[in-house]
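Trainee: Could we go through this structure together? I'd like to start with the terms before the particulars.
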Amino acid sequence: MKHNFGAGPCILPQEVFKDAAAAVLDFNGLSILEVSHRSADFVKVMEEARENVKKALNVPEGYTVLFLQGGASLGFLISAYNFAGKNKKAGYVNTGTWSTKAVKEGKNAGLEVIEIASSEDKGFNYIPELNDIPEDLDFIHYTSNNTIAGTQFKSIPETNIPLICDMSSDIFSQPIDVSKFDLIYAGAQKNLGPAGSTLYIVKDSVLGKSTLDIPTYLDLQVHAKKDSMFNTPPVFSVYVANLNLKYMIKNGGVDAIAKRNEEKAELLYNEIDNNPNFEGTTEVKDRSLMNVTFRLTDDSKKERFDQLWNDGNIVGLKGHRSVGGYRASMYNALEIESVKALVEIMKAL
Ligand SMILES: *Cc1c(COP(=O)(O)O)cnc(C)c1O
């Protein structure tokens with residue numbers, strides 16, 4: 001088996017892979033790939049998946065869970081359209097590549113976009129403070145974990161303005177207080193399931209309140225009214241996400257997951273800080289527990305290090321082209337043994 005440190009699509013538990021493979025061959029006598037999304041058997045899966053999201057994240061009353069298509073990239077546009085208010089003015093926190101794309105889509109939706117904080121001045125290697133937030137914003141949008149830069153918010157911004165968060169790369173990695181948000185969205189493929197579905201957790205009171213004319217598919221109220229079945233949902237992705245949700249809940253839920261993720265991150269960051277061959281690329285206080293970015297202190301060792309980890313059955317360690325260096329993504333299902341294997345290789349350099 002290979003140790004998968006890839007940034008996404010993510011590793012999932014072996015048990016989930018096995019159950020998913022079995023359902024491709026036999027899901028109540030049909031393949032999960034051919035079953036009608038309107039069949040009672042699949043409607044039950046969709047309902048279960050939506051309920052299990054609520055269970056796993058302790059979602060309070062008054063929120064709707066949806067599984068849609070289009071990835072988080074469509075979520076940038078969907079969030080802007082659905083939350084446009086009377087001022088058509090939105091605040092974005094720009095902490096990296098994905099936030100920058102969200103800003104662009106906010107503008108594409110026709111909103112006046114204010115970057116209320118940004119870490120672009122230092123190549124997105126830290127999480128900026130949120131000061132002087134204008135009071136007339138319709139919403140604030142931020143990215144909880146910056147998959148490419150390797151930074152992560154350690155607390156939820158305090159504000160009375162409706163709060164939207166792209167949690168694509170750290171949802172289900174730790175407990176979150178959903179009540180602080182008006183919308184959370186996340187592409188499934190970083191911590192939840194296979195690519196193809198995008199999770200939305202939206203406050204019911206917001207639905208139908210937009211001041212923009214929303215194209216049908218982008219209107220969250222349309223999807224909520226149809227119980228996430230407005231059109232053909234990504235059946236297989238939802239099915240496997242539900243398997244993974246059940247697995248998470250059975251194994252101690254997000255509390256147990258958070259503990260393991262902290263252990264994994266501590267192990268790797270310790271090595272980066274104590275091994276003179278490596279250095280971290282972000283400010284220590286803002287380090288991501290999911291995507292660990294680091295580089296060699298001496299580039300002449302690159303060939304040897306690359307050889308070592310490739311020989312050690314490690315995949316996906318190459319940093320994003322915009323940051324360079326290395327990135328170890330440690331999503332929920334990555335075992336601590338894999339992190340130990342990487343640390344041993346770093347020690348051997
Ligand atoms: C991967 C990622 C995205 C893009 O997700 P798609 O589902 O590929 O559109 C957006 N935001 C964050 C934080 C991500 O990690």
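Mentor: On a 1 Å grid over the protein atoms alone, a cavity is a set of points where a 1.4 Å probe fits but cannot get out, and its lining residues have an atom within 4 Å of a point. The model is predicted, so local features need pLDDT of at least 70, side-chain atom pairs count only at pLDDT 80 or more, and totals for chains, interfaces and linings use all residues. Residues are numbered from 1 along each chain as its sequence is written, and side-chain values use heavy atoms, with hydrogens and water left out.

Trainee: Which residues line the largest cavity?
Mentor: The lining consists of Phe67, Leu68, Gln69, Tyr217, His223, Ser228, Asn231, Thr232, Pro233 and Pro234.

Trainee: And by class, what does that lining have?
Mentor: The lining of the largest cavity has five nonpolar, five polar and no charged residues, where Asp, Glu, Lys and Arg count as charged, Ala, Val, Leu, Ile, Met, Phe, Trp, Tyr, Cys and Pro as nonpolar, and the others, Gly among them, as polar.

Trainee: Switching to the ligand, how many residues surround it?
Mentor: There are 13 residues around the ligand, each with a heavy atom within 4 Å of it, and the closest are Ser73, Thr147, Asp166, Gln189 and Lys190.

Trainee: What is the ligand's distance from the side chain of Ser73?
Mentor: A ligand oxygen lies 2.6 Å from a side-chain N or O atom of Ser73, and for Lys190 the corresponding distance is 2.6 Å; a polar contact is a pair of N or O atoms within 3.5 Å.

Key:
A polar contact is a pair of N or O atoms within 3.5 Å; within protein, one must be able to donate a hydrogen and the other to accept it, and residues adjacent in sequence count only if both atoms are side-chain atoms. On a 1 Å grid over the protein atoms alone, a cavity is a set of points where a 1.4 Å probe fits but cannot get out, and a pocket is an open set with protein on both sides within 12 Å along at least five of seven lines; lining residues have an atom within 4 Å of a point.
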